[in-house]
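Subject: Structure handover, salt bridges

Hello,

Here is the structure I promised to pass on. Please open it and follow along with the notes below.

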Amino acid sequence: KVISQTQFVTKAIKTIRGSKIDIAIVNQFLANGADGIDLISDIKRIRPKTSVIAMMILEGRLYLHQAKEAGASAVYLKSRPTSEFVDILKKVDQGGKFWPAADDTLALDCLTDAEIEVFESLGRGFSTREIALKTSRGIKTIQTYCFRIRHKLALKDAVELQDAARS
């Protein structure tokens, strides 16, 4: 039974606090620029036993990693058939988990939070200058993070770094 549907974090949190929910389904991106990953973390903090399915538009490794780290039980890629979502829902309802084959989180485990933030921003198409402005860090700091990410992920150049961030 569907209890509530919203694109607004405050309404979602109010519903989570006021209702016993077995499974929450959270979109990757919410209204007003809110991030579904943050909502997943909030849900797991408020109701640790609630299972969460993250619905993803972007299929990059970083988003899968973040969903898993936030406490999601499963990820459904919106590019996949609806029948797959039904299968995932049944699996999660039975206490199972589901991660797409593209989940390659081990490679990202070696990155710091700051490096992950830079990697995610690169994946969203931001330049190093834009990332520096957005994060209130110097451009040299962002370039250093990019160098470290390339080294840790064994990427040979900036083009490979951009490709990896977008994949």
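Arg45 and Asp42 both sit in helix α2, which spans residues 36-46. They are three residues apart, about one turn of the helix. Helices here are DSSP runs (H or I, at least four residues), numbered from the N terminus, while strands are E runs of at least two. The side chains of Arg45 and Asp42 form a salt bridge, 3.2 Å from N to O. The term means a side-chain nitrogen of Lys or Arg within 4 Å of a carboxyl oxygen of Asp or Glu.

Arg45 is exposed, at 55% relative accessible area. Asp42 is partly exposed, at 21%. The cut-offs: buried is under 20% relative accessible area, exposed is over 50%, and partly exposed is in between (1.4 Å probe, protein chains only).

A note on the source: this is a predicted model, in which local features need pLDDT of at least 70, side-chain atom pairs count only at pLDDT 80 or more, and totals for chains, interfaces and linings use all residues. Residues are numbered from 1 along each chain as its sequence is written, and side-chain values use heavy atoms, with hydrogens and water left out.

How many salt bridges does the structure hold? There are six. Among them is the pair Asp22 and Lys20, with the closest N and O atoms 2.7 Å apart. Lys20 is exposed, at 67%. Asp22 is partly exposed, at 49%.

Glu120 and Arg124 also meet in a salt bridge, 3.2 Å from N to O. Glu120 is buried, at 14%. Arg124 is partly exposed, at 39%.

Best wishes
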